[in-house]
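Here's a quick walk through one structure, with an eye on its charged pairs and one of its sheets. Have the sequence and the 3D view open as you read.

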Amino acid sequence: MKSAILLTLILWQAAATPEPTDPHYLRYERTITASGAGQSCAIIDPSLFPHAGPSLKDLRLFQDNREIPYAITLSEPQQPDSDSATIRNLGLRGRNIVFDLEMPNRPYTELTLDLAGHDFIATATVSGTRDPNYANQTDLGEFTIFDLTSQHLSRSTTIHLQETSLPYLHIELAVSPATGTHTLDTSPQALQKMVQGITVPPSREAQSLYTTAVQTATITPRGRKTVATFALPQRIPIERVSFSISPTFKANFSRDISITDHPTAPNPADALSETLAGTILRVHLTQAGREIRQEQLSVPATLGSNMQSAATVEVAVNNGDDAPLPITAIRLEMRQRKICFDAPTAQPLTLFYGDAALTAPQYDYTRLFFSSAEFHAANLGPEQFNPAYRDRPDARPLTDRHPHLLWIALLIVICILAIVAIRSSKTVHH
């Protein structure tokens with residue numbers, strides 16, 4: 001009985017211990033050079049994704065034949081979601097709108113005002129304090145916000161501050177109709193109702209970093225549109241599209257953008273296209289004595305279908321009746337990803353990948369990892385074929401690898417049963 005229990009424990013321990021990774025079965029390798037021993041991180045470039053497994057699950061890191069645990073980081077805001085500020089003491093001071101704000105308990109760099117009305121230009125004078133009675137205020141500056149819808153130059157009601165964490169703000173808005181328009185109601189009753197809410201986006205100081213996955217300078221006209229086409233390899237995640245405009249072009253513009261992907265799949269039913277929309281704009285002008293400076297040359301665009309298949313991506317700029325923009329380049333970008341590890345020595349490491357049979361590793365290092373600015377920078381070398389690579393042995397049961405053997409065995413059994421039946425019949429007759 002004791003022997004049986006001991007054998008069971010040995011078998012259980014063997015099953016619970018993960019089988020070490022054999023780098024001979026990983027098709028590709030890349031050298032990682034760290035600047036020293038200890039915590040290090042290397043930026044993952046987009047060319048790694050097409051030959052690695054889904055979600056990079058087959059990445060394995062070795063140093064001197066020893067597997068090194070790692071964690072993969074994704075650049076993202078420390079405060080991923082927007083918050084709302086609480087509006088207090090909303091009223092008028094002469095013809096100006098005045099109100100106080102109670103801010104979220106975190107650093108912030110922007111305020112987005114939800115304002116009723118169109119075709120206006122406003123100056124926002126902002127001050128802040130740590131006093132809940134709004135005493136001892138610090139001047140944070142004057143900012144221009146606008147709605148130029150009738151001039152086809154979009155709308156911007158976001159106030160761009162230097163990063164601060166002041167809990168209380170005071171804002172005074174001086175609002176005027178945009179030049180050549182008469183649609184804005186500037187009566188005291190309308191001005192009193194103009195401010196409808198305040199949103200506080202994540203701080204710009206903690207925004208995502210991006211890496212260019214693929215870019216092109218080949219941009220062609222198609223009717224009233226300007227179009228660029230990309231051949232995107234499989235599994236490269238795209239999360240933003242950015243545009244470069246000729247520096248000699250100074251005109252204002254606001255153009256609608258569409259991003260469409262056409263996945264390549266063996267089964268046409270799996271090749272479902274998706275289209276995303278956005279806007280790029282530039283507004284540099286002076287109206288009603290106020291200077292406006294607004295530029296937006298990137299569009300968020302998460303193309304989920306590109307994760308597992310190659311795709312053709314088309315980016316189209318709708319020019320309407322205007323001349324095409326002098327676009328010098330369009331980039332498909334992904335959020336920056338890093339592979340981080342704790343190197344025992346300063347010797348180079350080797351990153352292996354390209355084994356579809358592997359599952360994602362389960363490291364304590366990954367579970368306990370936290371990002372730090374004190375990590376050493378490491379460099380990821382070019383992709384190479386693993387010279388020691390060999391095909392993984394077929395681990396399927398013999399009957400799965402050779403299904404004809406099952407039929408042969410079945411025929412043999414049938415023959416044996418038939419022979420036994422014949423002999424039994426002869427015995428009965430005798």
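## Glu-102 and its partner

Glu-102 has a relative accessible area of 31%, so this residue counts as partly exposed. Keep in mind that we're looking at a predicted model here. The side chain of Glu-102 makes a salt bridge with Arg-88, and the closest N and O atoms sit 3.0 Å apart. The two residues are 14 apart in the chain: Glu-102 belongs to strand S8 (residues 96-102), while Arg-88 belongs to strand S7.

What about the other end of the pair: how accessible is Arg-88? Its relative accessibility comes to 38%, so Arg-88 is partly exposed as well.

Now zoom out to the strands themselves. Six of them make up an open sheet, running S7-S8-S14-S10-S11-S12, with antiparallel pairing. Which strands stand at the edges? They are S7 (86-93) and S12 (155-156); each has a single partner strand, so one side of each has no neighbour in the sheet.

Over at the S12 end, S11 (residues 138-147) pairs with S12 through two bridges, in the antiparallel sense.

## A buried arginine

How many salt bridges are there in total? The count is 15. One more pair worth a look is Asp-45 with Arg-30, where the closest N and O atoms are 2.6 Å apart. Asp-45 sits in the loop between strand S2 (38-43) and strand S3 (60-63), and Arg-30 sits in strand S1 (residues 28-34), so the pair connects parts that are 15 residues apart in sequence.

Are the two partners buried or exposed? Arg-30 is buried, because its relative accessible area is 4% and the cut-off for buried is under 20%. Asp-45 comes in at 21%, so this residue counts as partly exposed.

How values were computed:
Residues are numbered from 1 along each chain as its sequence is written. This is a predicted model: local features need pLDDT of at least 70, side-chain atom pairs count only at pLDDT 80 or more; totals for chains, interfaces and linings use all residues. Side-chain values use heavy atoms; hydrogens and water are left out. Two strands pair if DSSP finds at least two bridges between them. Helices (H or I, at least four residues) and strands (E, at least two) are DSSP runs, numbered from the N terminus. A salt bridge is a side-chain nitrogen of Lys or Arg within 4 Å of a carboxyl oxygen of Asp or Glu. Buried means under 20% relative accessible area, exposed over 50%, partly exposed in between (1.4 Å probe, protein chains only).
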